[in-house]
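This briefing describes one region of a protein model, moving from strand pairing to individual residues. Please consult the sequence and structure below alongside the text.

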Amino acid sequence: GLGNWLMPGIAGAYVDDYIEGFENGSRTSRWGIRAGRAGLLAESAIGYMFRCIVIGGGDWYSIRPDIGATGTETEAGALFFAGGDIWLDTLDRSWMPRRGLELKASGQYFPEMSVNEDSYNRAHARFLAAIPIHSRVSLRGSFLYGMTGGGKPLPHHRYYIGGITSWFDYYGERNISFYGYEPFEFSGANAWLGAVDIQVHITKRWLIAYRFNAGAAEDDRSLLFNEDNIYYGSGMTAAYETPVGPAELTLSGSDRNDSKFWLSIGHRF
């Protein structure tokens with residue numbers, strides 16, 4: 001039925017975390033990021049399946065170099081933005097969805113009044129489909145694509161992929177795994193990440209899953225799908241549903257990096 005239609009509100013978000021830089025598989029830099037965002041939004045929702053949000057507001061940040069080139073200084077500032085999101089979600093509500101699809105598209109525009117005096121826009125989309133192929137087995141496919149146009153994005157507005165967590169939206173799309181690599185090993189003004197998962201439900205609370213993924217991140221969008229710039233990885237996960245969310249143990253690897261174990265609690269693989 002009809003939910004909320006053009007419902008105004010105030011939105012806010014704050015993060016305090018790190019981003020890292022890599023070159024030839026070795027970490028060369030690390031920045032501490034403190035960033036906040038607040039704005040006015042209007043939301044429409046038709047049932048649970050479809051939502052649309054339009055938002056405008058401000059974004060402020062402080063980026064301090066913990067590891068970096070000599071003389072690198074803390075960068076701080078504020079800027080305005082306008083944007084919106086669209087969600088279509090028919091996934092089942094189980095702890096590891098087995099049926100349905102999800103589509104999310106997000107766009108933002110940062111005008112020239114930003115401190116780097118360079119306007120730019122960002123847009124990314126996420127698609128996920130889950131298909132049951134047996135009473136205990138399901139197949140999932142996902143694809144994310146992010147792009148920047150018009151100018152050079154600030155460090156925390158770039159796309160970061162690698163490891164157990166990748167960032168396609170610093171304030172939102174964070175629990176996205178790219179098995180076989182170090183956390184945030186690849187970054188760029190443009191990026192994509194695709195994955196195929198096979199998950200087997202052993203019991204109601206136990207499952208095992210295998211994932212194969214591929215992706216790339218580049219500043220030059222024309223290089224994104226160049227075979228030489230695409231990296232591949234895979235991983236095997238055992239997960240158990242706890243009262244605070246899934247506990248997951250993952251063994252991942254690639255032809256570029258050694259195999260690694262990842263342990264996480266509280267978010268989906």
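**Thr 242 and its surroundings**

Beyond its neighbours up to four places away in sequence, Thr 242 touches Ala 247 and Ile 265. The model in which this is seen is a predicted one. Thr 242 belongs to strand E14, which covers residues 231-242. With a relative accessible area of 18%, Thr 242 is buried, because the cut-off for that class is under 20%.

**Strand pairing**

- Strand E14 runs antiparallel to strand E15 (residues 245-253), and nine bridges join the two.
- One of the pairs between these strands links Met 236 to its bridge partner in E15, Leu 251.

- Asn 229 is located in the loop between strand E13 (206-218) and E14.
- The relative accessibility of Asn 229 is 18%, so this residue counts as buried.
- Setting aside neighbours within four places in sequence, the contacts of Asn 229 are Gly 215, Ala 216, Glu 218 and Leu 223.
- With Leu 223 there is a specific approach: the side chain of Asn 229 reaches the backbone oxygen of Leu 223 at 3.0 Å.

**Tyr 232, in E14**

- Tyr 232 is placed in strand E14.
- Tyr 232 counts as partly exposed because its relative accessibility is 33%, and that class lies between the limits of 20% and 50%.
- Although Tyr 232 and Gly 215 are 17 residues apart in sequence, their C-alpha atoms are 6.8 Å apart in space.
- Excluding residues up to four places away in sequence, Tyr 232 touches Tyr 181, Phe 212, Asn 213, Ala 214, Glu 227, Ser 254 and Asp 255.
- Glu 227, one of the residues touched by Tyr 232, also makes a polar contact with Tyr 232 from side chain to side chain, at 3.1 Å.

Methods: Residues are numbered from 1 along each chain as its sequence is written. This is a predicted model: local features need pLDDT of at least 70, side-chain atom pairs count only at pLDDT 80 or more; totals for chains, interfaces and linings use all residues. Side-chain values use heavy atoms; hydrogens and water are left out. Helices (H or I, at least four residues) and strands (E, at least two) are DSSP runs, numbered from the N terminus. Buried means under 20% relative accessible area, exposed over 50%, partly exposed in between (1.4 Å probe, protein chains only). Contact means heavy atoms within 4.5 Å. Two strands pair if DSSP finds at least two bridges between them. A polar contact is a pair of N or O atoms within 3.5 Å; within protein, one must be able to donate a hydrogen and the other to accept it, and residues adjacent in sequence count only if both atoms are side-chain atoms.
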